[in-house]
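The sequence and model come first, and the description follows.

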Amino acid sequence: MTPTPPPSTHSGHAPSSALVHDDVVACASRLLAASASTLHTALDRTLGLVAERLKADRVYVFVFSEDGQRFSCFQDHCAPGVPSIRASIQDVPIGSFPWSMSRVKAQQTVEVPNADTLPAEAAAERMAMQTASIRSFISLPFLRANGCAGALGLDWLRSDGLWAPADLVTLRFLAQVLATTLERHSLASKAVQAEERLRSFIAGSHASVCCFELPSGVGIDLSLDEQWQHFQDKAVWAECNTTFAQLCGVEDSSELCGRRVVDKHPTLLNRLSSNFKLMVEKGYRHLGFELLLDGPDAQPRQLVASLFGVLDGGSLVRLWGTFQDVTQQRQSEKERQALESQLRQAQRLESIGLLAGGVAHDFNNMLVAVLNYAELALRTLHTNPNAAAEDMRSIIKAGERAAGLTRQLLAFSRQQPLRKQGINLNELIRDLMRLLRRVIHESVDLDFVPGHALGIILGDPGQLEQVLLNLVVNANDAIDDIGRITIETENVVLNGNYIKTHPWARPGRYVLLSVSDTGTGMSEEVRERAFEPFFSTKAPERGSGLGLSTAYGIVKQHDGMIHVYSEPGTGSRFKIYLPIVERAASTVGGRVEAMVRGGNETILVAEDNEMVRQVVCTLLERAGYTVLAANDGGEAARLFDQQQPSIHLALLDAVMPVMSGRAVFHHIQARNPALPVLFASGYTSGVFPEEFLREHQGRLIEKPYDSDTLLRRIREALDAAAGGRKA
């Protein structure tokens with residue numbers, strides 16, 4: 001645009017109006033009807049008409065920037081030989097022509113018949129007229145809702161301009177038509193740009209993105225089921241990217257766009273059904289839900305999806321969906337969990353090796369006691385029955401200690417999922433102390449300081465025993481010669497300043513388990529890496545570097561926290577915080593068991609170990625039962641088929657040759673589902689699937705068992721099968 005000088009109080013006048021109103025109205029109609037592709041042509045014809053009728057050498061439109069501080073020429077029409085200003089007038093600061101621009105922005109028409117009519121403060125405008133050889137000009141602002149949007153300008157270079165008041169009225173009308181037209185096209189242009197940006201985003205997104213269009217909308221006042229039914233019937237694909245198209249089994253999005261969803265992918269609708277209803281209930285916005293969908297390879301794909309509804313006038317008109325394929329991530333998580341489990345098992349086996357020497361020592365001591373007490377009992381059986389009975393009780397006590405040791409070894413060696421239960425940590429540690437003393441040097445003292453009224457935690461006893469064993473072994477290795485390891489427990493509450501000063505801590509009530517040693521301690525660099533897998537400062541023959549990382553993983557699985565305090569030369573203290581689920585219950589006396597009754601029923605006993613089979617059969621026969629004995633699973637199945645009507649219960653070893661206990665159980669169940677069956681086993685991992693154990697919880701008798709336990713469980717099973725009727 002040519003700079004606009006100030007208006008003059010003296011205007012040139014044409015004898016009569018040069019602009020024919022009907023012609024201008026026709027031009028205005030063409031402008032209002034123009035599309036983006038025809039706008040400039042329609043505008044050029046309009047500006048040309050104005051130039052012709054008013055004998056102007058240049059007619060132009062300039063527009064203000066969004067912030068109103070700059071202006072640019074949008075389009076101009078020039079007489080032959082008159083230079084265009086469209087390229088040169090772009091982003092010019094309005095301060096370049098402060099006098100004229102201030103009036104245009106104030107929505108005033110600027111009329112300048114000649115430079116002599118300009119006031120003194122219009123120096124910039126006067127200089128521009130002289131430089132560009134402009135003799136007269138007019139600037140007519142066009143308006144929008146929030147102020148001036150720009151102006152329609154006319155320049156005369158070869159003669160003075162002549163215009164009538166009626167011409168100004170017509171020009172003001174035309175200016176407003178220009179304002180409406182340009183604003184409409186500006187909005188349309190922004191919409192196109194936004195749509196292009198959206199398409200670019202959709203096309204470039206790593207997620208699968210699509211838009212479901214509802215041509216006639218779905219009323220939001222309908223019920224959930226009605227809205228879903230309408231969506232199923234009406235929804236078409238309006239937009240989607242290639243990633244989404246391929247997820248649906250087609251190569252290109254054009255194969256979906258414009259098609260009804262129910263025609264192209266009814267399975268997707270079926271999977272979206274419940275989530276669509278949740279989206280409606282949540283205000284037409286449902287984020288981050290899991291969705292399983294068969295992919296193009298017919299393999300199930302795990303998706304994380306989000307739905308966004310677009311409402312208009314009480315109707316759902318559009319539904320955007322994003323679908324992130326996380327199948328690989330989920331598979332990786334499973335593989336990571338499996339690897340962590342393998343690492344823990346490897347470390348557990350390493351711990352078993354450390355325990356082997358101490359366990360062998362304990363078993364030797366127990367065998368010495370059993371053999372010698374048995375010999376003493378035989379010698380005094382007839383001469384001193386009371387002494388023989390006392391010797392027998394000592395044998396039983398040694399056997400019970402051996403059984404407890406066996407159970408702990410099995411708990412350490414099993415590879416099984418986390419099985420949490422309420423635990424009093426003091427009791428767990430007391431039971432473990434004998435084993436722990438076997439893995440430390442004779443010159444190292446091991447102390448346990450139990451906390452008072454300790455809270456109950458929820459955990460897996462075997463896993464927590466593993467944590468304690470790892471920490472004690474680690475503490476023992478940190479002590480060069482003479483030293484002390486101290487295990488402590490107490491109830492603690494973490495809150496307030498402690499949380500602020502310890503970023504790793506979470507507020508709450510915890511049982512604090514501490515394992516301290518008087519060893520060499522750790523530097524800051526070592527302490528920061530203490531829980532990393534395979535990181536170790538020990539010699540290769542003294543460990544794999546898995547002990548502390550395994551402890552860390554188990555504590556995290558228990559929703560706990562583990563932290564280490566250590567400095568070189570001052571020893572280390574590992575602190576484990578396990579959430580309290582309830583306060584410790586008051587101690588109650590042991591339950592007095594009623595005397596075990598025998599019976600006269602027939603029991604099928606299947607046991608491949610001859611010594612165990614003999615003692616069990618003798619025990620049952622002395623209790624009054626009739627016993628059918630089998631030395632393997634195959635013989636048990638044959639005996640059952642032969643003696644089925646007379647058999648009241650089957651006692652099966654879990655692991656046997658020919659047929660396992662579970663196989664014999666299924667054989668029996670197929671012929672007599674009501675027959676009570678009990679399993680005897682000292683090791684269930686890999687023998688019984690988790691589902692089988694959950695379904696048949698009451699059928700298992702853990703080895704080793706005593707006579708009272710065996711007789712009581714058999715009697716309970718027989719009575720339950722008989723409906724509680726005493727045998």
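## Helix packing

Helix H18 (residues 633-643) packs with helix H19 (residues 661-671) at an angle of about 15 degrees, their axes being 9 Å apart. H18 is therefore roughly parallel to H19. Their crossing is right-handed. On the H18 side the contact is made by Gly-633, Ala-636, Ala-637, Phe-640 and Asp-641, and on the H19 side by Val-664, His-667, Ile-668 and Arg-671. By class, these residues of H18 and H19 are five nonpolar, two polar and two charged.

The model is predicted: local features need pLDDT of at least 70, side-chain atom pairs count only at pLDDT 80 or more, and totals for chains, interfaces and linings use all residues. Residues are numbered from 1 along each chain as its sequence is written, and side-chain values use heavy atoms, with hydrogens and water left out.

The terms used for helix pairs are as follows. Helices (H or I, at least four residues) and strands (E, at least two) are DSSP runs numbered from the N terminus. Axes are lines fitted to C-alpha atoms, for helices over the stretch in contact, and angles run from 0 to 180 degrees between N-to-C directions. Angles under 35 degrees count as roughly parallel, over 145 as roughly antiparallel, 65 to 115 as roughly perpendicular, and the rest as oblique. A crossing is right-handed if the near helix is turned clockwise from the far one by less than a right angle, and left-handed if anticlockwise. Contact means heavy atoms within 4.5 Å. Ala, Val, Leu, Ile, Met, Phe, Trp, Tyr, Cys and Pro count as nonpolar, Asp, Glu, Lys and Arg as charged, and the others, Gly among them, as polar.

| Helix pair | Axis separation | Angle |
|---|---|---|
| H18 and H19 | 9 Å | about 15 degrees |
| H6 and H9 | within 10 Å | roughly 135 degrees |
| H12 and H13 | within 11 Å | roughly 55 degrees |

Helix H6 spans residues 224-234 and helix H9 residues 266-281, and their axes cross at roughly 135 degrees. H6 is therefore oblique to H9. The crossing is right-handed. Residues in this contact include Trp-228 and Phe-231 of H6 and Leu-272 and Phe-276 of H9. The contact of H6 with H9 has seven nonpolar, three polar and three charged residues.

Helix H12 covers residues 425-438 and helix H13 residues 461-478. These two are oblique to each other, and H12 passes H13 in a right-handed crossing. Among the contact residues are Leu-428 and Leu-432 of H12, with Leu-464, Glu-465 and Leu-468 of H13. The contact of H12 with H13 has 10 nonpolar, no polar and one charged residues.

## Cysteines

Searching the whole structure gives zero disulfides (a disulfide being a pair of cysteine sulfur atoms within 2.5 Å). Cys-73 is in no disulfide, and the nearest cysteine sulfur, in Cys-78, is 8.1 Å away. That distance is too far for a bond. Cys-73 is buried at 4% relative accessibility, whereas Cys-78 is partly exposed at 22%. Buried means under 20% relative accessible area, exposed over 50%, and partly exposed in between (1.4 Å probe, protein chains only).

## The chain as a whole

The chain has 21 helices and 23 strands. Of its 727 residues, 44% are buried. Among contacts with a separation of 6 or more, 67% come from residues 24 or more positions apart. Ala-128 lies in helix H4 (residues 123-132) and is buried at 11% relative accessibility. Its C-alpha atom is 10.0 Å from that of Ala-115, 13 residues apart along the chain.
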